[in-house]
Amino acid sequence: MKTACIFDLDGVIVDTAKYHYLAWKRLANSLGFDFTEHDNEKLKGVSRIESLKLILQLGGQQLSEADFEAALTRKNNWYLEYINTIGPEEILPGAFAFLQSAKQLGMKVALGSASKNAVLILQRIGLLEQFDAIVDGNKVSKAKPDPEVFTKAAQELGVDARQCIVFEDAVAGVQAALNADMHVVGIGEAKVLHQAHVVLPNFSGTNIEQVVQSLPESA
Ligand code: G6P
Ligand code: MG
């Protein structure tokens, strides 16, 4: 039985993935190299520290410990500049109605995000009160694809992993859900998220009952 939904935040509930990209691009440019949207796919779902390590690898650069910390702060300050102006209009199409459909069916809902800014974003878009549990980047030490974020969310909800359906837009996040032994629905492009049990372009025109029915028996 599937009794709980665990939602990633960036790129699933809210359209913040573009702001992460813009802030990382600005940082890469300030370090003297470019950062493309194609490269950005590898960063989705990945923690801030791991993201910077990947970007520096791409740019063939190394930073001292102090400069690394300063770069993380600069990126986050730019990111905060972007998200400080967002509101409910940035909720992705159909996401709120979908969340409601799960709650109406009596399912528990949790957030499972690598972001340390998750609570701030949920406040800004008015969804903070909707979740039964919130596990974010402040509560986990291992980045996706490690399953920690989703395993903790299931624990906080008091359900087994096999009862959970994870919604993810990132390759690393899909892998984290599989590593947690959960059902996983990819939100985005099937060719990118092909490891997910089911992939939807977004939440428009669907609800939790349709999604549960579309999951393969073996999933
Ligand atoms: C999400 C995003 C990543 C981001 C990570 C950490 O998983 O998909 O792009 O790097 O959260 O976010 P933060 O807001 O803590 O920098
Ligand atoms: Mg995401």
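1. Let's start with helix H3, which spans residues 48–58 and in which Arg48, Ser51, Leu52 and Ile55 are buried. These four lie on the same side of H3, because they cover an arc of only 95° around the axis. The arc is that of the directions from the helix axis to the C-beta atoms. A residue is buried if 20 or more other C-beta atoms lie within 10 Å of its own, exposed if 12 or fewer, and partly exposed in between, with C-beta atoms placed from the backbone. Helices (H or I, at least four residues) and strands (E, at least two) are DSSP runs, numbered from the N terminus.

2. A word on what you are looking at: this is a predicted model, in which local features need pLDDT of at least 70, side-chain atom pairs count only at pLDDT 80 or more, and totals for chains, interfaces and linings use all residues. Residues are numbered from 1 along each chain as its sequence is written, while chains are lettered from A and ligands numbered from 1 in the order in which they are written.

3. What do the buried residues of H3 pack against? Their partners are helix H1 (17–30) and helix H4 (65–83). Just after H3 comes glycine 60, with a positive phi of about 60°.

4. Helix H4 also holds threonine 73. Is threonine 73 buried or exposed? Threonine 73 counts as exposed, because it has 11 C-beta neighbours inside 10 Å. Along the chain, threonine 73 and arginine 48 are 25 residues apart, and their C-alpha atoms are separated by 9.9 Å.

5. Now step back to the whole protein chain, which has nine helices and six strands. Its C-alpha atoms fill a box of roughly 50 × 35 × 30 Å along the principal axes. The radius of gyration is 17 Å, which agrees with the value near 17 Å for a compact globule of 219 residues. That radius is taken over C-alpha atoms, and the globule rule is 2.2 Å times the number of residues to the power 0.38. Of the 219 residues, 42% are buried.

6. The chain is divided into domain 1 (4–15 + 90–214) and domain 2 (17–83), with bounds that come from an automatic or database domain assignment. Their C-alpha centres lie 24 Å apart. Between them, 19 residues of domain 1 are in contact with eleven residues of domain 2; contact means C-beta atoms, placed from the backbone, within 7 Å.

7. Which helix gives the most to the side of domain 1 that touches domain 2? That is H8, with three residues. The residues on this side divide into seven nonpolar, four polar and eight charged. Here Ala, Val, Leu, Ile, Met, Phe, Trp, Tyr, Cys and Pro count as nonpolar, Asp, Glu, Lys and Arg as charged, and the others, Gly among them, as polar.

8. Do look at ligand 1 as well: of the 17 residues around it, Arg48, Ala114, Ser115, Lys116 and Asn117 come nearest. A residue is near if its C-beta atom, placed from the backbone, lies within 6 Å of the molecule. The shell draws at least three residues from each of domain 1 and domain 2, and its members divide into four nonpolar, nine polar and four charged.

9. Finally, isoleucine 125 sits in helix H6 and is buried, with 22 other C-beta atoms within 10 Å. Leaving aside neighbours within four places in sequence, isoleucine 125 is in contact with Val14, Ile86, Gly87, Pro88, Glu90 and Ile91.

Technical notes. Contact = placed C-beta atoms within 7 Å.
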